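Subject: Structure for your review

Dear colleague,

Please find below the structure that I am handing over to you, followed by an account of what was found in it. I would be grateful if you would read the two side by side.

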Amino acid sequence: MEPLDRHSIIRSSWDANAAAWAQVVREGSIPSRRAGTDAAILAACLQQRPRRVLDVGCGEGWLARALWTEGVEVVGVDCSAALIELARSAGGGTYFVTEYESLIHDSSIAPGPFDAIVCNYSLFSDPLSPLLAALAKRLSPQGRLLIQTVHPWMTAGAGPYECGWREESFADFAAVFPAAMPWYFRTLESWIGELRAAGLGLERCDEPLDPLTKWPLSIVMHCGLLADSTS
Ligand SMILES: C[S@@+](CC[C@H](N)C(=O)[O-])C[C@H]1O[C@@H](n2cnc3c(N)ncnc32)[C@H](O)[C@@H]1O
């Protein structure tokens, strides 16, 4: 399958799954989110003491609302018109229907500078560096790109520790998701390589632990502009 096909399948899956996704997020029925990943990404954002945040792949907008409650100005973008409609109805930010591809090609969409740009479980494609570079250009000089994603060492169990396309069926979620979604499994080495290719460096990473199993729930990457990409 051509990568372009996968990109459009990823986007269309989120319109098909919008209602189910909003249900599981708003009912708090995703165990890892309850156990710590929501708190981890919110804390990572607030540590930045941001005035303006861009929420990339904001979904139904829970994180934008949580930041807005803390007095932060938030712009949320997502390709799913259905999810953006749900976010707008719930308030707490300014939301736009936008595909990542548009952010890459049109710097007038969601223009910076942002003190923090956050991608919470919203990066599924390959390559990522064109999008990451477009986000880097929207960061203020001291701004940070914050990425929370599945922990590569935990997720590798479903296959080899090698980059490659996999499929999420959403079978473990407490709602019926009509569409499966292709997603690109990425090793830590690959994450760091994509960041570097985009002029970003990994400054810090958090590994929030499941309080019961003491295994990582996710990885949160704090990324800053590399010195030679700010000139
Ligand atoms: C797993 S959801 C996460 C939503 C939200 N960040 C959260 O924490 O609940 C992934 C989101 O990324 C968005 N997304 C995925 N690929 C996209 C693309 N190419 N352009 C814009 N949005 C995209 C989806 O529409 C979906 O809302």
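How far does a polar side-chain atom of aspartate 78 lie from an oxygen atom of the ligand? The distance is 2.5 Å. Please bear in mind that the model is a predicted one.

Arginine 33 places a polar side-chain atom 3.0 Å from a ligand oxygen atom. Cysteine 79 takes part through its backbone, with an N or O atom 3.1 Å from a nitrogen atom of the ligand. Of the 600 Å² of accessible area that the ligand has on its own, the protein covers 96%.

I turn next to the pocket in which the ligand sits. The ligand takes up the space of the second largest pocket, which holds about 540 Å³. Its lining consists of 32 residues, and Ile10, Tyr100, Ser122, Leu123 and Phe124 lie nearest the centre. Two or more residues each are given to this lining by H1, helix H2 (18–26), helix H4 (62–69), H6 and helix H7 (129–136). H1 again gives the most, here with four residues. The lining residues of this second largest pocket divide into 18 nonpolar, seven polar and seven charged.

Finally, there is the largest pocket, with a volume of about 1,100 Å³. It is lined by 42 residues, of which Ser32, Tyr121, Val150, Glu168 and Phe173 lie nearest its centre. Both helices and strands are among the elements that give two or more residues to the lining: helix H3 (31–47), strand S5 (139–149), helix H8 (152–155), strand S6 (164–168) and strand S7 (181–185). By class, the lining of the largest pocket comprises 23 nonpolar, 12 polar and seven charged residues.

With kind regards

Conventions
Residues are numbered from 1 along each chain as its sequence is written. This is a predicted model: local features need pLDDT of at least 70, side-chain atom pairs count only at pLDDT 80 or more; totals for chains, interfaces and linings use all residues. Side-chain values use heavy atoms; hydrogens and water are left out. A polar contact is a pair of N or O atoms within 3.5 Å; within protein, one must be able to donate a hydrogen and the other to accept it, and residues adjacent in sequence count only if both atoms are side-chain atoms. Accessible areas come from the Shrake-Rupley method with a 1.4 Å probe; for residues, only the protein chains shown count as cover. On a 1 Å grid over the protein atoms alone, a cavity is a set of points where a 1.4 Å probe fits but cannot get out, and a pocket is an open set with protein on both sides within 12 Å along at least five of seven lines; lining residues have an atom within 4 Å of a point. A molecule sits in a cavity or pocket if more than half of its atoms lie within 2 Å of its grid points. Grid points are joined across faces, edges and corners, and a volume is the space filled by probe spheres set on the points. Ala, Val, Leu, Ile, Met, Phe, Trp, Tyr, Cys and Pro count as nonpolar, Asp, Glu, Lys and Arg as charged, and the others, Gly among them, as polar.
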